Amino acid sequence: MKLWGGRFTSRADQIMEQFNTSLPVDHRLFREDIAGSLAHVTMLVHSDLLTPEEGDLLIQGLESILHDIESGKLVIEGDYEDIHSFVEMHLTGRIGETGKKLHTARSRNDQVAVDMRLYAKNKAVEVMDGLQALIDSLYAKAKANNVIMPGYTHLQRAQVVTFGHHLGAYEQMFKRDKKRVGNALELLDENPLGCGALAGTTHAIDREVTTALLRFEKPVDNFLDGVSDRDYMLELMSDFSIIMMHLSRLSEELILWSSQEFKFITMADAYSTGSSIMPQKKNPDAAELIRGKTGRVYGSLFALLTTLKGLPLTYNKDMQEDKEQFFDALDTVLDCMEIMSKVIDTLQVNAENMKAAIKAGFLNATEVADYLVSKGTPFRDAHEIVGKIIIYCEAEKKAIEDLTVQELLIFSEKIDNDIYDYIDYENILTKGNKGLMKEVGS
Ligand code: ARG
C-alpha cells in the first residue's frame, strides 16, 4: 500500500509501518486533499500534460471517492501511509492506469502543504465564527444585567464598576483575537502547490491556475520555503493560545464568582457537576476544564516550535508531527469557545449579592478623596485624610456613608452634607468619564 517501493528490496518492519503512518491523524484532510488534486488535474489538462479525457476520468474518480467518503460508503482505514496514499490508491483502484498519472508534476511535499493551508484557511474562519458567537453571548448577558458590582485589583475590592463593563472587557479581548486570526489568515493565503518536492518541476505547469481554482491570493514566491513553511500553523496556534488565555481568565472569574464566598453568579446545572460523596456540591467543571485545557494548547504550540527549530530546509519527516499538535489545539479551542458561550448564556447574575459586596468594601473611598479635591484639598492630603477615615470606620464597623457629618468633620472641615450624594455608589457611575461603564455597546 505504498506510493514508492521501486528502489526497495524488502518490506518495512511492521512496527516501522505503524510508527510511520499518519493516516490515523491526517484522515481528516480528505476534503482538502481531493480539492487539491481536482485543481491539480484541471491545471494539468490546461497545460497539455493530460488529455481532456484523462482529466475527466481522474475528476470523476476523485469526485466518486469524495462522495463515498462523505456518505460513509468508503471508510478511511487500512495500511496506507497517509491520506494522500489512500486517495491515490483508491483512485487507481477505481479508474485503472490513468490514476497513476495524477501525481505528475507533484510531490507529497507540496501536496501536504497545500492540504494543510486549505484546512487552516477553513478552520480559521470557524474560529472567527466561534469568537463572534462568544462576543454575542457576552454582549447579551452584559446588556441584560448591567448591574453595579465591585471591581478588583489584587483581588481586593477596589472601586465600583458595572457587570456590563466587566464582561465588556472580555468582549474586547475576543474582538482582538478575531482580528489576530484574520491577520494570520491573510498572511497564510498563498498557494504552495507547484513547488514539487522542493525544486519545482521540469513540466510546464501553471501555478496561477491552481491558485485561482483553490482561491488563494497568490502562489508562494519560493519553492524551498513553500514546502517547509509551517509558520502559519505556529501563528494560528499562538492566536489559539491567546484565546485560551482569555478564556482561562474568564473561567477563573466565573469559578470565583460562583463560590459561596462571592455568590455573584449561579452557573446552570447543565454546565456543572456534582460530587460523588458530598451531596451539597455543585462544581463549576465547565470553567475548570477550559482553564485546564489552556495548558494543553500552550503545550501544542511549544511542541511544534520545538519540532521545527533545528530542521534544515526543506521537508523533513519531523514535520508530519505538525498535524497532531495543530488539530488538537484547534479542536480544543473550538470546543472551549462553544462551551464558554453556553456557560455565559445560561448563567444567572445575583445582582443583590454584588450590591451587598460593594457596601462592605469601602468602594467609595477614592470618591471621598475626589470629593475633598473638589473642595480644594490637594489629592495627596485627601488620600491621607480618607485613610484615617477608613481606620475609624473599621474600628466603628461602619461604612463611610454611614458616618454623620459631625463624625466626618473630625477628619476635614471641608466636609459637608453634599458628600453623601457625591459618594453614593450609583451616583459615582454618573460622574466624570464613568458613564462609559453604564453603556453596553458592541
Ligand atoms: N504524511 C506526510 C506529512 O504529513 C506527508 C508528506 C510526506 N512526504 C514525504 N516526503 N515523505 O508530512
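Predicted model: local features only at pLDDT ≥ 70, side-chain atom pairs only at ≥ 80, totals over all residues.
I'll start with the core. The largest nonpolar core has 112 residues, and those touching the most other members are Leu 236, Phe 240, Val 333, Met 340, Val 343 and Val 368. Helix H6, residues 108–144, gives the most to this core, with 14 residues. In soluble globular proteins, nonpolar side chains tend to be buried together. Take Val 368 as an example. Leaving aside neighbours within four places in sequence, Val 368 is in contact with Val 386, Ile 389, Ile 400 and Ile 423.

Next, the ligand. Which residues are around the ligand? They are Ser 22, Asp 26, Asp 82, Arg 108, Asn 109, Val 112, Tyr 315, Lys 317, Met 319 and Gln 320. Of these, four are charged, three are polar and three are nonpolar. Domain 1 (14–101) and domain 2 (108–199 + 230–356) each supply at least three residues of the shell.

Now the loop residue. Leu 214 sits in the loop between helix H8 (207–213) and strand S4 (218–219). Is Leu 214 buried or exposed? Leu 214 counts as buried, because 20 C-beta neighbours lie inside 10 Å, and 20 is the number at which a residue is called buried. Not counting residues up to four places away in sequence, Leu 214 touches Ala 35, Gly 36, Ala 39, Leu 118 and Asn 191. His 40 is 174 residues from Leu 214 along the chain, yet their C-alpha atoms are separated by 9.6 Å.

Last, the record. An unreviewed UniProt entry lists residues 6–299 as "domain: Fumarate lyase N-terminal". That span is 61% helix and 6% strand.

Conventions: Residues numbered from 1 in each chain as written. Core = buried A, V, L, I, M, F, W, Y, C linked by C-beta atoms within 7 Å. Buried ≥ 20, exposed ≤ 12 C-beta atoms within 10 Å, placed from the backbone. Helix = DSSP H or I, 4+ residues; strand = E, 2+ residues; numbered from the N terminus. Contact = placed C-beta atoms within 7 Å. Near = placed C-beta within 6 Å. Nonpolar A, V, L, I, M, F, W, Y, C, P; charged D, E, K, R; others polar. Domains from an automatic or database assignment. UniProt positions renumbered as here; feature names shortened; annotations may be inferred.
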